[in-house]
Amino acid sequence: MLNTYLQTSPPTKFILIQDCLQEKAHPILNLLKNHHHKLNHDLSYFIFEGNYLKINATLSSQNIKCHNFTSPSSIEALEKDLRTKLKPNSVIILDSLVHLIYLYGLKGTYEMLNNFMKEIKDGQQIIGILHTDLLENCDKVSQCMEHLSSLSIMLDPLVSRVYYTYKKVGGRVFKQIEEYRIEGGQFVTEALKKPDVHKLVQDKINEISPELLTTFKIGLTDTEKESRDSLVLPYLPKDKDATTVEGGEIFYKFDEVDDWDEEDPDDDLDI
Amino acid sequence: MYGTYAKTMLKYFIAEGVVCKHSIFLASQDSSPHEVIREIPAVIHFDPDSSFDFAEPKVSDSKMKIAFRYENLPTHDNEDKHINLGHFYDLTKPMPLADIENTDIYYWNGCRVENGVSAFSNPAYNDLLRQIKTKIKEDRFFLKDNPSKKSILRIAVHSLGSPLWLPMKNSLHSVDSSKDLDMFIFCMRALVRSALAVAVITIPSHLYHENALERCIHSSDISIRLQSFAGTELETNKALSEYHGFFQLIKLAPINSFASKHPGSIEYVFKLRRKKFVIDKLHLPPDFEDDSDRKKKKLSLLDVMGQVGSY
């Protein structure tokens, strides 16, 4: 389902990807890059961290325009630059929002993005990457950014799960959890399989065998069960051909109504 | 959830003000107030989706043999449906511009906030309070003014306390602090109490800690929480599948009376339909399906127990 939300048409206005050192946002970014390349959208990559020359060399080969913001500039300059790059069918990637927050404060960054969002039209998209492990006040910042975003994705590498919130234009909100894996550099997600509770209980019960709980033998082996079944109790009528007993013989005659009780054979003795 | 439903309710509040020719003070930093005004719903003169009629409750013809005491009682509670208050609106149609232009509306978007000395860490709070006070003063809404023609000022504040209301970067307050919000609501209540004014404020509550919200509720007269089902287990609950969330009346202050009119244990639910925002009493459906489920569970449990016993 996440892939559907990532590739909606017109594109979701603000995608927020919350990643960490163990699981970076690149697989999702690659998925989005490929999708936008197919649709001939302009991709602009605003770099706030890392070695600009290196990143530029890699991304230029993928036909992505890079913009260097690794050295601090004023928020006005950044806002102006963002506006000039905003053309019909353009996609802006901000890598990463943490650097903006440290430079301009949470309020400043939010205000800038909020103003920018008001101007975004159908066909345009902003993708922001938020490194949650670099944040001092992670919960509050991620709540605030999630409030602004239209699709917020959070990766949890410990359990290989992706948590996402998608806000429809009409106002409906979808919150989902999915499992993810990376297959050959591709980001693949699939819905969580809900285990059948009855089956789980059954399995658990089958696991707990009373044999293992006791110090003595409680069950019967197959051969023992067989011999038990083949045993004919002495008071029961035997097959006449088989009986060769001479002299006395016990005849057990069942009453017409309710005589034989499997659980308590001595019920009729009135003990 | 994320202020969508609250914004719709706020639009109803503004639209009612426009229709009743009240003065309106609209404040929002998140969306442009001019845009919010453009989106307010148009008034319609009847409720098209109304399923109930205002006629006398029909008496059922069939005789009851056992529960005969209930025979002549109406099938559902009609007492609160006869109240003819306010107007009906159609969310799909915007209010005609001519109606809006004739209304006295003051817009505040926090763009021209001056950085003065105030008790608030974000000067926007101070500026908004000051502007509301000026509006009340200039248009003679204070109770002491004793105006000849009495009208009401409707103050609508959209998404107060959203990240745009956070303390400035160099402020001593941490981003977690809700001091500004608490103080604003406290001052606002005092201001509104002394004037012919009513204020509706929407707050994105998911951004705040429960304690901070409690303080806001304490300083307010009426507090409503719209608890959306989206993303919670309630979303898949069959009994609630028709609705979008709980409409919780957290507080209903007993103003000018001793007893609160709080409905007690009645639960309300809401749904945002294409044309209107509906608030209903929650009636849980009969437990038929669950019953068969429970029987099944009981049977399977007996099976399981039987197997354990046979070991």
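In what order do the 4 strands of the open sheet in chain B stand? Keep that question in mind as you open the structure, which is a predicted model.

**Stop 1: the sheet in chain B**

Select the strands of this sheet and read across them: the order is β4-β1-β5-β6, and the pairing is parallel. Now look at the two edges. Strands β4 (105–108) and β6 (197–201) of chain B each have a single partner strand, so one side of each has no neighbour in the sheet.

Next, pick out β1 (residues 23–28) and β5 (residues 153–158) of chain B, two parallel strands joined by 6 bridges. To find one of the pairings, click B:A27; its bridge partner in β5(B) is B:V157. In general, strands of a sheet pair through backbone hydrogen bonds.

**Stop 2: into the core**

Select B:L26. Together with B:I14, B:L26 has the most contacts inside the largest nonpolar core, a group of 94 residues. Chain A takes part as well: its helix α5 (residues 97–119) gives the most to this core, with 7 residues. Show what lies around B:L26 and you will find contacts that include B:I14, B:P33, B:V36, B:Y107 and B:A156.

**Stop 3: where the chains meet**

Display both chains. Here 25 residues of chain B are in contact with 27 residues of chain A. On the chain B side, helix α7 (residues 288–310) gives the most, with 4 residues. Colour that side by class and you get 15 nonpolar, 7 polar and 3 charged residues.

**Stop 4: a hairpin in chain A**

Move to chain A and select β1 (residues 14–19) with β6 (residues 151–156), a parallel pair joined by 4 bridges. In this pair, A:I15 has A:L151 as its bridge partner. Strand β6(A) also pairs with β7 (residues 161–167) of chain A, this time antiparallel and through 6 bridges. Across from A:I153 you will see A:Y164 in β7(A). Between these two strands the hairpin has 4 residues, and A:S160 takes a positive phi near 55°.

**Stop 5: B:V278**

Finish in strand β10 (residues 277–281) of chain B, where you will find B:V278. Is B:V278 buried, partly exposed or exposed? B:V278 counts as partly exposed because it has 15 C-beta neighbours inside 10 Å. Beyond its neighbours within four places in sequence, B:V278 is in contact with B:F270, B:K271 and B:R273.

Notes:
Residues numbered from 1 in each chain as written. Chains lettered and ligands numbered in written order. Predicted model: local features only at pLDDT ≥ 70, side-chain atom pairs only at ≥ 80, totals over all residues. Pairing = 2+ DSSP bridges. Contact = placed C-beta atoms within 7 Å. Nonpolar A, V, L, I, M, F, W, Y, C, P; charged D, E, K, R; others polar. Core = buried A, V, L, I, M, F, W, Y, C linked by C-beta atoms within 7 Å. Buried ≥ 20, exposed ≤ 12 C-beta atoms within 10 Å, placed from the backbone.
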